[in-house]
Amino acid sequence: MVKRGVLTFLCILLFALPAFAAEEPILIGGLFAESGPAAFVGTPSRLVAEMTVKQINDAGGVLGRPIKLVIYDTESKPDVALRMARQLVESDHVLAIIGPTSTGSGMAVKKYAEEKNVPVIMTVGGDPVIAGGKYGPYAWTFKTPQRTSTAVRKVYEYLKAHDVKKVALMTAKDAFGQDGLDHLKSLAPEFGLEVAAEETFDPKGSDFSAQAFKLGTEKPQAVIIWTIGPAGAIAAKNFASLPGDKPLVVECHGQPGPEFLELAGPAAEGVIMPGTKLMAPDSLPAGDPQKAVVEKFVKDYSENGIQAKFPLNTHSGYAYDALILLQAGLEKAGKADPAALRDALQQLTGVPGVSGVFTITPEDHNGLSTDSLIMLLVKDGAFTPAK
Amino acid sequence: MKPRNYRKAVILFFLVLAALGFVLPSYQLLAFNQHLFLAINVLALNFCLGLGGQISLAQGAFAGLGAYGSVILHGFFPGASPLIVPVCAGGAFLAAALLSLPMERLGEGFLAMATLGVSLIFTNLILTFDGLTGGSAGLMVSAPLVIPGVGEVSGDREYFLLFLGLLALGAYVFLSLRKSRLGRALQACKDDPPAASSCGVNRPMVRALAFGLGAALSALSGVLYGHYSGFISPEQYGLELSLMALLFLVIGGPGNLMRPILAALVLETALGQMHFLGDARTLCNGLLLGAALLLGYWRESKGKPLLPGL
């Protein structure tokens, strides 16, 4: 008995030795909303992050060291996100943080990260985290999803090219919707657009017919709906059931995904929205620098079984991009040090990710421009590039 | 328990908590402070529900009133904390008392509806005046809280002591109020409103006072929490906070001082550790509530069956 025990111990030791010999892993924190209202984005983001880290480690890691992710659930609450961020930094001693998922949580984490000088690459939709001014400095905060203003410009460029002069706005009463409204209003004159009317709605609501009807009476050529989640599909349905001439329905860059098609059903036909190239990988020309990245990501996404649980949508790639930026930053910095990583991240140019080609500067902590987006048209129940 | 022993137990409880504050590492104090913030709101609701027998769903809004009021006023007058903090507490007291007065005249149960409205209106006000409040994007807190003679308050341990002090102050007021003439009048209103009125208790006034005190306590907790977290947004002070306060008060038993506070501190800490629960956390809250209600019924009915034959 004792002999067998000793033998087993020796065997275990033998297997464990190479692990001891390998380099210390680089600790990276992950904050994802795995429960609460943002869980439909947060949970797949976590799976993508784990998949990406595994790929990086299988390819030899970064700076010869493997990456180890320490992941916590933010419950979609800013208070919990801050608590978990502090646990990551002060207890787990991570080098940098990926996430959180929602803009409110992002703001709570950002304040702390800026004080503690921890690089954070966020996957939040809203701009305030990297806007500066009254939202505080953003020297250590980055984000991978396109800026709201970038998406607004993309929509307006399309509308201007299609001779639209009069638009109506319908935005959610949350941080994301408000951010959209601010930019939609301030950028409209630049593209010669008149905002005829604006309405807000509760993104947790189940019917927005009243707002849709009211906006419809102003006879806008197009109506722009700015929200994440099922509310966008509900609003599209409400507009589709308006009597008489219907305006062109434009959704925001948070909507592209199978869920929208499913929920909106026939009402989705003819709706346009900006989206990442992830939503139409087949339409990419051969010379596109993102083509290889996007195709590989789509393949890995389904091979790892994530596609079966969470069908690919426009949010799927943001956690991947955050890790790719982190990897590129670490390699440029040449050492696992927060300040060096931050400086390196700020000098990254032309890093192809799923959401676009990132070129980050100290002023622009997102690094994506309007050509990272394409306009999508729902045709026959599928997303196709809009002409 | 004898009154003197009870008081000793309460003091011991606060001493143990204070000792914990010096042992725990800083980042765990953050979680502790967040739970203390909830516990103070549970106690605040206890003034209204436990003593006066009225359900309020506006504790979150009153905490938000304190947080937004203090942060915005500090933005205009940095360093004027000794003036601003009482203004916030007094403002919440007045608003709550003025709300409670007409509701009491309308009849039983109207306060719950009115306070539900207050919660929703408060969130909408924050969203509407986004120039001042930052809207749903939230507001960065620029000016710190200043205590005269001590200086700027910052750091987890300092705030921990303030939260604990506020909870102790609330507990002291609660205990002395419960034994006072006002407390007895409240008890009478809770047990039999018509009888209380016919005995000469000014019911609207008495209940307005209790409700106002609870609101002021919530507002003070909001002032502390707003400056502590450094970032305030409407979702932190929404209906959810009010419902959580109600949940833990009912689990602990309204009218009891320590049990609801303990329920909030212990259960929140425990649930906060259980990351694997995910969305099942809400289910856990529901189960706890159900169990607490059954237990409370069993305790009060001295073992009578809940349903015939059960």
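**Exercise 1. Count the helices and strands in chain A, then work out how its radius of gyration compares with the globule rule.**

Solution. Start with the secondary structure: in this predicted model, chain A carries 13 helices and 14 strands. Next, take the rule: for 387 residues it gives 21 Å. The radius of gyration of chain A comes out at 22 Å, close to that value, so chain A is as compact as a globular protein of that length. For the outline, box up the C-alpha atoms along the principal axes and you get roughly 85 × 45 × 40 Å.

**Exercise 2. Find what share of chain A is buried, and what share of its contacts with a separation of 6 or more links residues 24 or more positions apart.**

Solution. Burial goes first: of the 387 residues in chain A, 55% are buried. Now the contacts: among those with a separation of 6 or more, 68% join residues 24 or more positions apart.

**Exercise 3. Check the length of helix α11 of chain B, then describe its surroundings.**

Solution. 
1. Helix α11 of chain B covers residues 239-252, which is 14 residues.
2. Check burial: 10 of the 14 residues in α11(B) are buried, so call the helix mostly covered. Among them are B:Leu241, B:Ala245, B:Phe248 and B:Ile251.
3. Look for the cover: in chain B it includes α2 (26-51), α3 (59-76), α5 (110-128), α12 (258-273) and α13 (280-300).

Notes
Residues are numbered from 1 along each chain as its sequence is written. Chains are lettered from A and ligands numbered from 1 in the order in which they are written. This is a predicted model: local features need pLDDT of at least 70, side-chain atom pairs count only at pLDDT 80 or more; totals for chains, interfaces and linings use all residues. Helices (H or I, at least four residues) and strands (E, at least two) are DSSP runs, numbered from the N terminus. The radius of gyration is taken over C-alpha atoms; the globule rule is 2.2 Å times the number of residues to the power 0.38. A residue is buried if 20 or more other C-beta atoms lie within 10 Å of its own, exposed if 12 or fewer, and partly exposed in between; C-beta atoms are placed from the backbone. Two residues are in contact if their C-beta atoms, placed from the backbone, lie within 7 Å. The expected span of a helix is 1.5 Å times one less than its number of residues.
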